[in-house]
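Okay, thanks for coming, everyone. Let me put the model on the screen and then walk you through it.

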Amino acid sequence: MTSERGAALSAEDDEEEEDSAAAGYYDNEDDLEAFSDAELGCEDGVLGFSDSLNGEVKPRILLMGLRRSGKSSIQKVVFHKMSPNETLFLESTNKICREDVSSSSFVSFQIWDFPGQIDFFDPTFDYEMIFRGTGALIFVIDSQDDYVEALSRLHLTVTRAYKVNPEINFEVFIHKVDGLSDDHKIEKQRDIHKRANDDLVDASLERIHLSFYLTSIYDHSIFEAFSKVVQKLIPQLPTLENLLNIFISNSGIEKAFLFDVVSKIYIATDSSPVDMQTYELCCDMIDVVIDISCIYGLTDSEAGLPYDKESMAIIHLNNTTIMYLKEVTKFLAMVSFVRKESFERKGLIDYNFHCFKKAIQEVFDVRVKVQQNRKLLSQRRWSKLTVNNGVLSNPR
């Protein structure tokens with residue numbers, strides 16, 4: 001049902017009926033209310049309200065940590081294609097900045113970058129509103145600095161957030177590990193893991209689960225870590241993984257990834273383990289396809305769209321393995337690894353891929369229907385709010 005139709009309804013019983021239908025797509029009413037409240041922005045350096053009626057409700061990813069821990073650099077490298085060396089000239093974040101990320105129908109969320117000096121005890125900081133609508137909280141720890149204060153802030157942040165929203169996924173990026181040896185990386189991770197969890201045990205909060213990642217903007221580790229974070233926010237992930245398992249088992253393929261080509265985040269893969277070197281090869285292949293398409297594959301009318309339904313690439317590695325990239329949607333690509341002898345049955349692989357692509361479109365259609373119903377419900381709830389002296393308040 002379209003929003004125009006919803007706006008035209010005047011009878012109270014019709015409104016209640018549609019509210020009930022749309023509400024069925026929410027796990028928790030608080031999820032919607034959090035996005036109907038005031039949200040922070042960083043335009044013109046001031047905090048203000050955002051319009052909740054201009055699109056679907058998106059989960060939030062919060063980037064937190066001490067000053068100069070690398071939060072803004074991570075965001076710029078992953079989502080703005082900034083060179084890691086250019087991040088050296090970024091100014092320290094001094095206000096909460098929010099950015100919408102909508103690369104595809106699956107990669108759709110908000111990133112909120114928090115300044116390191118933020119004070120949870122400041123009465124002007126409405127942490128309950130912020131945490132209530134959050135899907136994942138990423139806390140960045142500088143591995144090359146003394147992290148005692150960082151662990152203390154991590155504990156405070158996690159405990160405050162958990163009390164407001166126990167469903168938050170807590171992710172810890174042990175960052176800037178590019179300057180450490182492999183043994184030192186493992187030692188740092190083990191020490192931070194132990195201290196952070198010991199603090200939770202001492203506070204009788206053993207049920208809080210923290211996930212730890214070793215990251216650096218100078219290699220693909222930051223992209224892989226963000227992939228893991230984003231996957232937890234995709235309700236359709238089990239379906240996508242199952243489709244990939246069926247595809248590779250019927251096509252003689254060893255490994256397959258479903259990539260967002262803009263951010264190089266892989267939103268799903270089959271059930272076999274992910275090898276870092278394999279993931280790096282996939283990222284490099286996507287870069288090659290985009291670069292060549294930008295140079296040779298564009299017409300004047302297609303400026304800015306280097307990736308389309310005709311995009312396809314085949315790369316022969318020197319170990320009898322073939323990398324095969326095919327366009328799935330405007331922003332998604334499948335990258336698969338095939339043995340040379342299996343690739344001789346390319347017709348079968350292409351037919352199975354066609355079936356896979358059709359199934360992905362069906363998943364898209366369901367997701368769009370859910371988003372439309374969420375938007376309708378958001379409009380219904382928003383209309384019940386009142387505006388007093390320029391401040392939104394809920395009469396309930």
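First, some terms: two strands count as paired if DSSP finds at least two bridges between them, and helices (H or I, at least four residues) and strands (E, at least two) are DSSP runs numbered from the N terminus. This is a predicted model, so local features need pLDDT of at least 70 and side-chain atom pairs count only at pLDDT 80 or more, while totals for chains, interfaces and linings use all residues. Residues are numbered from 1 along each chain as its sequence is written, and side-chain values use heavy atoms, with hydrogens and water left out.

So, the sheet. It's open, with six strands in the order β2-β3-β1-β4-β5-β6 and mixed pairing. At the edges you have β2 (97-102) and β6 (210-214), each with a single partner strand, so one side of each has no neighbour in the sheet.

What about the inside? A nonpolar core is a set of buried Ala, Val, Leu, Ile, Met, Phe, Trp, Tyr and Cys residues joined through side-chain atoms within 4.5 Å, and buried means under 20% relative accessible area, exposed over 50%, partly exposed in between (1.4 Å probe, protein chains only). The largest such core has 67 residues, with I61, F173, F226, L258 and F356 having the most contacts inside it. Helix α12 (residues 346-383) gives the most to this core, seven residues. There's also a second, separate core of 34 residues, including A150 and A161.

Last, charges. A salt bridge is a side-chain nitrogen of Lys or Arg within 4 Å of a carboxyl oxygen of Asp or Glu, and the whole structure has ten. In one of them, R339 and E254 have their closest N and O atoms 2.7 Å apart. R339 sits in strand β11 (residues 332-339) and E254 in strand β7 (residues 253-260), so the pair ties together parts 85 residues apart in sequence.
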